[in-house]
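Subject: Structure handover

Hello,

Here is the structure for you to look at. Please open it first, then read my notes below.

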Amino acid sequence: MDHAAGLVAERGVAGTSLDDVLAAAGASKSQLYHYFAGRDELVEAAVAHRCAQVLGELTQALGGVATLAELEAMLGGFVAGFEQQGLPGCPIGSLASEVAEHNDGARLQAAAAFDAWERLLSDALGRMRERGELRADASPGALATALLASIEGGLLLSQTRKQAASLRIAVEAALAHLRTYRAPSLD
């Protein structure tokens, strides 16, 4: 599974054949078909595996975020990391766009990963609200959706344009919106 997920991350779903996976894993077709009914099931499992890897990194980055300053710093590092990687796009979003119309099981895996990422953001925003940094009427869930949508849009534009400005602008716009919910005592 590590080999399949790695190839899918590197080449995309369409650019990864069963023969590629078998060669990388040093496995036979009979071994593959022992675990998977076919390519669709292997792709679904590879998408789930890759999404779990990405979510592990996001959990580590967001798990302790409890202040706006920490969120700003984390997102600044996120943007810088994508710049250093050559603006590859979002690993979850790229997979989602490839499988959304062709493999419902893999699409559901990507959707679940987005849901988990959104919960991580919502939990961080909830901690900010509990600390009194955000107003009581701030909805962590709605703010998390807006933040994730901004990040995803910024990633896609930056990847397509091959420049980081779109991601930086999208993240800053989302943070500016978030700042409108700061508790009055912090203004």
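Start with S158, which is found in helix α8 (residues 140–161). Helices here are DSSP runs of H or I with at least four residues, numbered from the N terminus. S158 is buried, at a relative accessible area of 2%. Buried means under 20%, exposed over 50%, and partly exposed in between, using a 1.4 Å probe and protein chains only. Leaving aside neighbours within four places in sequence, S158 is in contact (heavy atoms within 4.5 Å) with L87, Q163, A164, A165, S166 and L167.

A note on the source: this is a predicted model, where local features need pLDDT of at least 70, side-chain atom pairs count only at pLDDT 80 or more, and totals for chains, interfaces and linings use all residues. Residues are numbered from 1 along each chain as its sequence is written, and side-chain values use heavy atoms, leaving out hydrogens and water.

Next, the cysteines. C51 counts as buried at 3% relative accessibility. C90 is buried too, at 5%.

Last, a helix contact. I92, G93, A96 and V99 in α6 meet A106, R107, A110, A113, F114 and W117 in α7. These residues divide into eight nonpolar (Ala, Val, Leu, Ile, Met, Phe, Trp, Tyr, Cys and Pro), one charged (Asp, Glu, Lys and Arg) and one polar (the others, Gly among them).

Best wishes

Methods: Helices (H or I, at least four residues) and strands (E, at least two) are DSSP runs, numbered from the N terminus.
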